[in-house]
Amino acid sequence: MNSKGMKLAGSGFEIRSAEGMDAAEIAAVLRRSIAELCVADHNNDPERLGSWLRNKTEETALGWIEGPGQVLVAVSQGSDRQLLGVGMALPAGEVVLNYVDPSARYQGVSKALMWSLESYFTTIGVTHVSLRSTLTAERFYRSIGYVQSDIPLDPGDRAAAIFEKDLHP
Ligand SMILES: CC(C)(COP(=O)(O)OP(=O)(O)OC[C@H]1O[C@@H](n2cnc3c(N)ncnc32)[C@H](O)[C@@H]1OP(=O)(O)O)[C@@H](O)C(=O)NCCC(=O)NCCS
């Protein structure tokens with residue numbers, strides 16, 4: 001348990017709040033997840049991939065951890081420092097990060113992260129959640145109850161679709 005106070009067990013992993021010392025590994029997981037799993041979105045186009053990865057640094061991750069939102073990490077039950085996934089929510093009701101390490105794909109990590117982020121929203125009284133999805137994750141979000149509400153207007157926008165969900169506490 002840490003200062004933002006969340007710790008949940010999954011199957012072979014746990015979800016806990018991120019700490020400052022996770023920042024470098026958070027950035028590394030984000031980079032691997034985007035580069036290796038989101039190929040449908042960036043098509044290995046160096047410019048598109050480069051701009052997506054540009055702010056995925058230890059420094060940025062530290063700013064997120066110290067900021068007003070909730071940053072959660074999934075960690076291996078065998079090692080509290082081995083990160084399997086990263087999620088982040090803003091208090092206004094937006095999920096802004098949900099990335100799984102390629103080594104941990106389809107093991108329930110994103111589902112557990114999203115469930116934990118939704119619990120956080122419920123705790124702070126937020127009942128309507130939105131997120132900007134990659135193409136890669138659209139099927140996943142539908143499977144956990146999100147409904148597509150829009151597509152981004154800007155053709156340069158990285159997100160493929162905007163999804164929303166009403167939470168019922
Ligand atoms: C798609 C993705 C988000 C799913 O996360 P995950 O941790 O691997 O998936 P989980 O094990 O938590 O969730 C399982 C769900 O994934 C999907 N899934 C599971 N196995 C799958 C497979 N072999 N092929 C395709 N989809 C599959 C299903 O929707 C499944 O739900 P179900 O079990 O109810 O059918 C993740 O694999 C991914 O590619 N992330 C890349 C980063 C990204 O795009 N993040 C979103 C930013 S908005």
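**Notes on the predicted model and its ligand shell**

1. Starting with the ligand: the residues of the shell around it divide into eight nonpolar, nine polar and three charged. Ser-110, Lys-111, Thr-134, Ala-137 and Ser-143 come nearest of the 20 residues around the ligand. Helix H1 (23–37), S5, H5 and helix H6 (138–143) are the elements that give two or more residues to this shell. A residue counts as near a molecule or strand if its C-beta atom, placed from the backbone, lies within 6 Å of it.

2. A word on the model before going on. This is a predicted model, where local features need pLDDT of at least 70, side-chain atom pairs count only at pLDDT 80 or more, and totals for chains, interfaces and linings use all residues. Residues are numbered from 1 along each chain as its sequence is written.

3. Now the overall build. The protein chain has six helices and eight strands, in the order β-β-α-α-α-α-β-β-β-α-β-α-β-β along the sequence. Helices (H or I, at least four residues) and strands (E, at least two) are DSSP runs, numbered from the N terminus. The C-alpha atoms fill a box of roughly 40 × 35 × 30 Å along the principal axes. The radius of gyration of the protein chain is 15 Å, which agrees with the value near 15 Å for a compact globule of 169 residues; it is taken over C-alpha atoms, and the globule rule is 2.2 Å times the number of residues to the power 0.38.

4. The cut-offs: buried means 20 or more other C-beta atoms within 10 Å of the residue's own, exposed means 12 or fewer, and partly exposed is in between, with C-beta atoms placed from the backbone. Of the contacts between residues at least 6 apart in sequence, 62% join residues at least 24 apart (a contact means C-beta atoms, placed from the backbone, within 7 Å).

5. Strand S5 (residues 94–100) deserves a look: five of its seven residues are buried, so S5 is largely enclosed by the rest of the structure. S5 runs antiparallel to strand S4 (residues 79–90), joined by six bridges, and Ala-89 stands opposite Val-95. Strands pair if DSSP finds at least two bridges between them. The S4 and S5 hairpin has three residues between the strands, and Gly-93 there takes a positive phi near 105°.

6. On its parallel side, S5 pairs with strand S6 (residues 128–133) over two bridges, with Glu-94 partnered by Ser-130 in S6. The chain gets from S5 to S6 through helix H5 (residues 109–123), in a right-handed β-α-β crossover. Right-handed here means that, with the strands pointing away from the viewer, the path from the first strand over the helix to the second runs clockwise.

7. Two backbone angles to check. Asn-44, in the loop between helix H2 (39–42) and helix H3 (46–53), has a positive phi of about 55° although it is not a glycine. Tyr-106, in the loop between S5 and H5, also has a positive phi, near 60°. Asn-44 is exposed, with 8 other C-beta atoms within 10 Å, and Tyr-106 counts as exposed with 9.

8. Finally, Ile-151 sits in the loop between strand S7 (147–150) and strand S8 (161–166). Ile-151 is exposed, having 10 other C-beta atoms within 10 Å. Ile-151 and Ile-162 are 11 residues apart in sequence and 5.8 Å apart in space, C-alpha to C-alpha.

Methods
Nonpolar A, V, L, I, M, F, W, Y, C, P; charged D, E, K, R; others polar. Contact = placed C-beta atoms within 7 Å.
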